[in-house]
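Reader: Could you take me through one part of this model closely, starting from a single side-chain contact and working outward, with every cut-off spelled out as it comes up?

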Amino acid sequence: MSSSLLFRGGRVFVPGGFAEAVLVRDGVIAAVGAESDLVRLAPDAEPVDLGGGLLTPGFTDAHIHPVQAGLERAKCDLAEVYGLDAYTAKIADYATRNPEKAWIDGGGWDMSAFPGGLPHRSQLDFLDRPAYFVQRDHHAAWVNTRALELAGITKDTPDPADGRIERDPDGTPSGVLHEGAMDLVGLLTPRPTPADVDAALMDAQAHLFSLGITGWQDAIVGSYAGSDDQLPTYISAASSGRLKARVVGALWWDRAQGAEQIPSLVERRASAAGLDRFRATSVKIMQDGIPENFTAAVIEPYCRCGGTGLSYIDPALLGGYVKELDSLGFQVHFHAIGERAVREALDALTGTDPANRHHVAHVQIITPQDMPRFAELGVTANLQALWATHHLQMDELCIPFLGEERSSWQYPFADLVRHGTRFAGGSDWPVSSANPLEAMHVAVNRTEPGGSVHATYPTAQTPFLPEQSLDLRTIMTAYTEGSAWINRSPAGVIEEGRPADLVVLDRDPFALDPKDIWTTKVVMTFLDGEPVHGG
């Protein structure tokens with residue numbers, strides 16, 4: 001490809017408006033402006049026809065798990081089917097095609113496919129081998145009786161401090177392991193080889209490029225929920241040049257330890273220093289779970305079942321840990337879903353340096369009192385917009401247990417805008433689709449995008465709290481400039497002097513009926529002016 005490219009024939013998404021054309025020289029944006037002006041400026045530039053579509057900055061996913069996604073895609077992946085019959089048929093076929101495997105494992109099952117959100121061990125007992133399947137949200141695992149036996153899990157096995165063993169009425173483990181209990185079986189499953197993990201990362205990178213994603217923040221780099229540490233894989237891929245995306249790794253905070261782990265985090269960060277495409281400069285703290293299994297930390301008890309969820313890190317100690325990380329120049333990347341966890345995260349971040357670009361991911365439930373604090377503290381809200389709809393888990397496993405008032409506090413994007421909050425955008429893939437255009441569709445419409453497993457659910461096209469919707473420019477900016485800012489990436493904005501990380505969309509979503517935003521597709525993706533998808 002020529003060292004000079006002229007993107008023309010459509011519109012260009014730039015801060016505050018649109019331009020006509022972009023000139024790229026040697027991988028850097030050289031000029032942005034009127035097409036006629038840029039043609040005169042560089043008559044020999046190779047034209048890239050936008051075909052009436054839109055040119056955007058490359059998308060950056062600020063909360064994603066690519067290695068786990070790649071590994072799941074290589075195993076028995078249930079993410080593209082739905083319901084018990086479909087799951088068991090796919091699992092049975094996978095087991096038949098892989099007779100040599102000692103375990104049958106994979107992931108992607110949806111809680112909403114089961115009464116009360118809970119599958120049972122007996123539904124996997126048709127297998128002649130132990131089974132371990134991670135739930136779509138990665139907060140639970142579904143196992144069979146053989147797996148429980150191998151792990152020695154019985155009626156008498158206590159729940160771990162950071163998890164729960166689901167049980168039948170007589171106390172027998174039912175086959176669902178929540179949160180930290182997942183490791184009781186997950187760590188027994190066959191370990192992927194370094195070659196397996198490397199292949200998973202490369203597969204994920206190619207998939208993300210096809211969606212226009214040119215950078216990301218891996219939200220857990222470390223050993224968690226039965227997965228091995230991905231840091232060596234990232235370092236190897238970045239050192240060899242095979243990692244082309246701009247990536248930050250969020251080092252996992254081991255919730256079984258305290259401040260004594262901080263020196264090792266410093267060492268891990270240093271081990272990736274000097275790499276062009278990867279830095280380990282963030283620390284991921286998971287402060288709570290999810291409301292569907294009542295582990296999200298809430299202030300008032302859950303309706304119907306009681307309990308207030310789990311704060312994985314003692315709030316009395318959390319602030320000290322965060323301030324020490326902050327003083328060492330780490331960015332803190334919180335998982336906080338329940339309103340108590342959000343408050344605990346904001347409390348811990350009070351007095352920290354905004355220059356470290358701390359952020360709180362998910363922010364499903366925020367009290368009105370805590371809404372202004374993001375902007376006041378300089379903390380970014382890291383949105384997973386795809387979840388803000390009337391999907392099955394929302395209607396059947398969240399709203400009835402959260403209650404009317406607390407349910408109305410969910411995904412309050414517009415309120416956060418009114419308070420001046422900075423946004424980043426992410427998917428949490430493989431928890432949900434990695435497609436940024438689908439997430440943008442939900443942020444604008446608050447309805448399920450067509451083609452999703454929940455798109456035909458009776459209320460899927462009824463807007464969920466529509467007063468909290470965003471305009472398309474705001475959510476696209478979150479997925480480009482906002483997430484790139486979180487990562488300290490030089491990309492994310494189309495302006496002179498920036499790297500030419502660019503995406504060509506097949507149509508201009510700003511010109512579409514909002515209900516059709518999800519139909520927009522990526523035609524080409526460029527990194528430093530070189531095509532990494534399409535072309």
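Author: The side chain of R121 makes a polar contact with the side chain of D168, at 2.9 Å; a polar contact here is a pair of N or O atoms within 3.5 Å, where, within protein, one must be able to donate a hydrogen and the other to accept it, and where residues adjacent in sequence count only if both atoms are side-chain atoms. This is a predicted model, in which local features need pLDDT of at least 70 and side-chain atom pairs count only at pLDDT 80 or more, while totals for chains, interfaces and linings use all residues. Residues are numbered from 1 along each chain as its sequence is written, and side-chain values use heavy atoms, with hydrogens and water left out.

R121 lies in the loop between β10 (104–109) and β11 (131–135), where helices (H or I, at least four residues) and strands (E, at least two) are DSSP runs numbered from the N terminus. With 17% relative accessibility, R121 counts as buried, a term that means under 20% relative accessible area, whereas exposed means over 50% and partly exposed lies in between (1.4 Å probe, protein chains only). Leaving out residues up to four places away in sequence, R121 touches W142, V143, N144, T145, L148, D168, T172, P173, S174 and G175, contact being heavy atoms within 4.5 Å.

A polar atom of the T519 side chain lies 2.6 Å from the backbone oxygen of D516, and beyond the neighbours within four places in sequence, T519 is in contact with D506, R507 and L512.

Most residues other than glycine have a negative phi, and most peptide bonds are trans. D26, although not a glycine, has a positive phi of about 50 degrees; D26 sits in the loop between β4 and β5 (28–33) and is exposed, with a relative accessible area of 64%. D428 is not a glycine either and has a positive phi of about 70 degrees, but D428, in the loop between β21 and α15, counts as buried at 6% relative accessibility. The loop between β21 (423–425) and α15 (436–445) also holds P430, and the peptide bond from W429 to P430 is cis, with omega near 15 degrees.

As for the strands, β1 (residues 4–8) is mostly covered, four of its five residues being buried. β1 runs antiparallel to β4 (residues 21–25), the two being joined by four bridges, and L6 has L23 as its bridge partner in β4; strands are said to pair if DSSP finds at least two bridges between them. With β6 (residues 46–49), β1 pairs in the parallel sense over four bridges, and there the bridge partner of R8 is D49.

Finally, the largest nonpolar core has 120 residues, of which F133, W216, F278, I285, F334 and F374 touch the most other members; such a core is a set of buried Ala, Val, Leu, Ile, Met, Phe, Trp, Tyr and Cys residues joined through side-chain atoms within 4.5 Å.
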